[in-house]
Amino acid sequence: MLSQKLTDEFNEQINKEIFSEYLYLSMSAYAKTLNLDGAANWFMIQAQEERFHVMKFFNYINDRGGRVILKAIDAPQTEFSSLVAAFEYGLKHEGTVTARINHLMNIAQQENDHASKTFLHWFITEQVEEEASFEKVISKLKLGGSQALFLIDNEMGQRVFTPPAGA
Ligand code: MG
């Protein structure tokens with residue numbers, strides 16, 4: 001059985017992952033206003049990944065005999081000064097998520113909860129990939145030029161949702 005402390009922390013993480021989904025949906029809507037359909041698709045797929053993260057925590061709490069409690073979700077930012085600014089905001093956000101996952105792992109270690117450590121290990125690896133994928137797009141966008149943006153937008157349009165590795 002999951003401790004009350006980890007149950008509370010994991011419920012808080014469900015809220016944060018839903019907020020991530022909400023944020024990337026908001027960024028997808030913003031990209032749509034720029035008529036950048038590829039970027040809009042990229043954020044939409046990112047939002048789907050976040051829902052996948054939500055469900056992993058949801059199912060894990062239930063599997064360990066805990067009670068899932070859903071809370072109110074904060075409103076995401078809706079306006080960004082540019083596409084690259086949206087991606088930079090996203091990268092910063094993922095940094096805070098990484099810090100949260102590390103915090104959860106610290107608690108699981110303190111409690112000697114081996115099942116939770118194994119469960120969180122997947123997220124530790126996933127966060128490395130999340131930050132890298134944002135960084136990659138930002139680097140490409142910073143190459144600059146409208147032709148580069150056109151090509152990158154085309155590339156982002158190819159992204160499809162595949163359940164993350166090891167899921
Ligand atoms: Mg996430």
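Close-up 1. Glutamate 50 and histidine 53 are three residues apart in helix α2, so about one helical turn separates them. Keep in mind as you look around that this is a predicted model. Is glutamate 50 buried or exposed? With a relative accessibility of 1%, glutamate 50 counts as buried, because the cut-off for buried is under 20%. Histidine 53, at 0% relative accessibility, counts as buried too.

**Close-up 2. The magnesium ion and its protein donors.** Which residues supply the protein donors of the magnesium ion? They are Glu17 (OE), Glu50 (OE) and His53 (ND1), and they lie 2.1 to 2.2 Å from the ion. If you trace these donor residues along the sequence, their spacing reads E-x32-E-x2-H.

**Close-up 3. Helices α1 and α2 side by side.** Two packed helices are described by the angle and the distance between their axes. Here, helix α1 covers residues 4-33 and helix α2 covers residues 37-63. Their axes come within 8 Å and cross at roughly 165 degrees. Angles over 145 degrees count as roughly antiparallel, and α1 and α2 are therefore roughly antiparallel to each other. The crossing of α1 and α2 is left-handed. Sorted by class, the residues in the contact of α1 with α2 are 17 nonpolar, seven polar and six charged.

**Close-up 4. Glutamine 13 and its polar contact.** Now find glutamine 13, which lies in helix α1. Glutamine 13 counts as buried, because its relative accessibility is 0%. What joins the side chains of glutamine 13 and arginine 100? A polar contact of 2.9 Å links these two side chains.

Methods. Residues are numbered from 1 along each chain as its sequence is written. This is a predicted model: local features need pLDDT of at least 70, side-chain atom pairs count only at pLDDT 80 or more; totals for chains, interfaces and linings use all residues. Side-chain values use heavy atoms; hydrogens and water are left out. Axes are lines fitted to C-alpha atoms, for helices over the stretch in contact, and angles run from 0 to 180 degrees between N-to-C directions. Helices (H or I, at least four residues) and strands (E, at least two) are DSSP runs, numbered from the N terminus. Angles under 35 degrees count as roughly parallel, over 145 as roughly antiparallel, 65 to 115 as roughly perpendicular and the rest as oblique. A crossing is left-handed if the near helix is turned anticlockwise from the far one by less than a right angle, and right-handed if clockwise. Ala, Val, Leu, Ile, Met, Phe, Trp, Tyr, Cys and Pro count as nonpolar, Asp, Glu, Lys and Arg as charged, and the others, Gly among them, as polar. Donors are N, O and S atoms within 2.8 Å of the metal (3.2 Å for Na, K and Ca); water is not among the atoms, so sites may look incomplete. Buried means under 20% relative accessible area, exposed over 50%, partly exposed in between (1.4 Å probe, protein chains only). A polar contact is a pair of N or O atoms within 3.5 Å; within protein, one must be able to donate a hydrogen and the other to accept it, and residues adjacent in sequence count only if both atoms are side-chain atoms.
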